[in-house]
Amino acid sequence: MSLDCKAALVLPGCSNPLGLEDGGVYDFQLSSYTHKDGWGPFLGRYNNGRGWCSATNDVNHEFLQVDLLNVQHISRIAMQGVCGLYPFSGSYYVMTFVIEYSYDGTTWLTYKSSSGSVQTFVGNNDTFSERNNYFRDTFVTRYIRIYPKTFYGNICLRVELYGCNDQSDDCSTYITTASGSIKSPSFPGNYPANKHCTWLIEVSKGKNISLMFTQFDVYQGSNPGTCRNDYVEIRDGLTDSSPLIGGKYCNQNRTMLITTNSNVARIYFQSGVSNLGHKGFQIYFLSVTKGT
């Protein structure tokens, strides 16, 4: 099934094109498993006169990859088919596809629905129409791969990604050090409104991660315990469907020391539409031996 236009909420200010059509994403950031001569991955750009076409129709291996150079939020993917030119003439488009993504280019994860099953997206049914699919609003990655599964004529596509492309305002990152600290935006000053930050931590296999809040001042709201607008949540894994540790944390609803059950953690911070004069938080993290 596919996420249609009304099935997902887009983060405020996170619906900008990320640069495939206008060249903000450079040619070296696009790669593929194979490609036909004259139809390389750097041509797989939205509204480009050509497009990317694979050299084979192997749906188990063919992919188009985009490297965004840093971890950032992605809200939407838009795709078009390709109109071939002599001697490779005809209409070609991808009808269904799946997404794999990676934070480091080595370990790849399959994008799944909120229920935990592999998400199959519906693509195009002609050459030129735009087909949009929306991701969940907490989806972050650096690398993304499009794996066509069914297609018409040949595996060919043009694509644009949408999300948060203002890097000076980006607070999401992937961390692989054994220890360190994380701060909310502008800490120790008041954190701004409309922030959506995701910190992904991965330490050595066989270790756990201890997280200590040394400062915590996140707006709670008028209904104690709800943490509706401003909150921090921690998951025992890298994805937004990984198990929650506790719940949503805000003032008077927080744990000062949290330890994961695995070697990865996902910390997500959201602030509401108003700056209400709260400082946010500082977390120190440390890789620890299981059971300590």
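Buried means under 20% relative accessible area, exposed means over 50%, and partly exposed is the range in between, with a 1.4 Å probe and protein chains only as cover. These legends describe a predicted model, in which local features need pLDDT of at least 70, side-chain atom pairs count only at pLDDT 80 or more, and totals for chains, interfaces and linings use all residues. Residues are numbered from 1 along each chain as its sequence is written, and side-chain values use heavy atoms, with hydrogens and water left out.

**View 1. R45 and D27 join two loops through a salt bridge.** A salt bridge here is a side-chain nitrogen of Lys or Arg within 4 Å of a carboxyl oxygen of Asp or Glu, and the count by this rule is five. For R45 and D27, the closest N and O atoms are 2.8 Å apart. R45 sits in the loop between β2 and β3 (52-53) and D27 in the loop between β1 and β2, so the contact ties together parts 18 residues apart in sequence. Strands are DSSP runs (E, at least two residues), numbered from the N terminus. D27 is partly exposed at 43% relative accessibility, while R45 is buried at 10%.

**View 2. R142 meets D67 in a salt bridge.** Here the N to O distance is 2.8 Å. R142 belongs to strand β10 (residues 140-152) and D67 to strand β4 (residues 64-80), so this pair links parts that are 75 residues apart in sequence.

**View 3. Four strands make an open sheet.** Their order is β12-β14-β18-β16, and the pairing is mixed. Two strands count as paired if DSSP finds at least two bridges between them. The edges are held by β12 (173-175) and β16 (231-235), each with a single partner strand, so one side of each has no neighbour in the sheet. On average, neighbouring strands are turned by 15° against each other, direction ignored; axes are lines fitted to C-alpha atoms, and angles in general run from 0 to 180 degrees between N-to-C directions.

**View 4. β14 and β18 pair in the antiparallel sense.** Seven bridges connect β14 (residues 196-202) with β18 (residues 264-270).

**View 5. R235 and E233 form a salt bridge.** Their closest N and O atoms are 3.4 Å apart. R235 is buried, with a relative accessible area of 14%, and E233 is buried too, at 10%.
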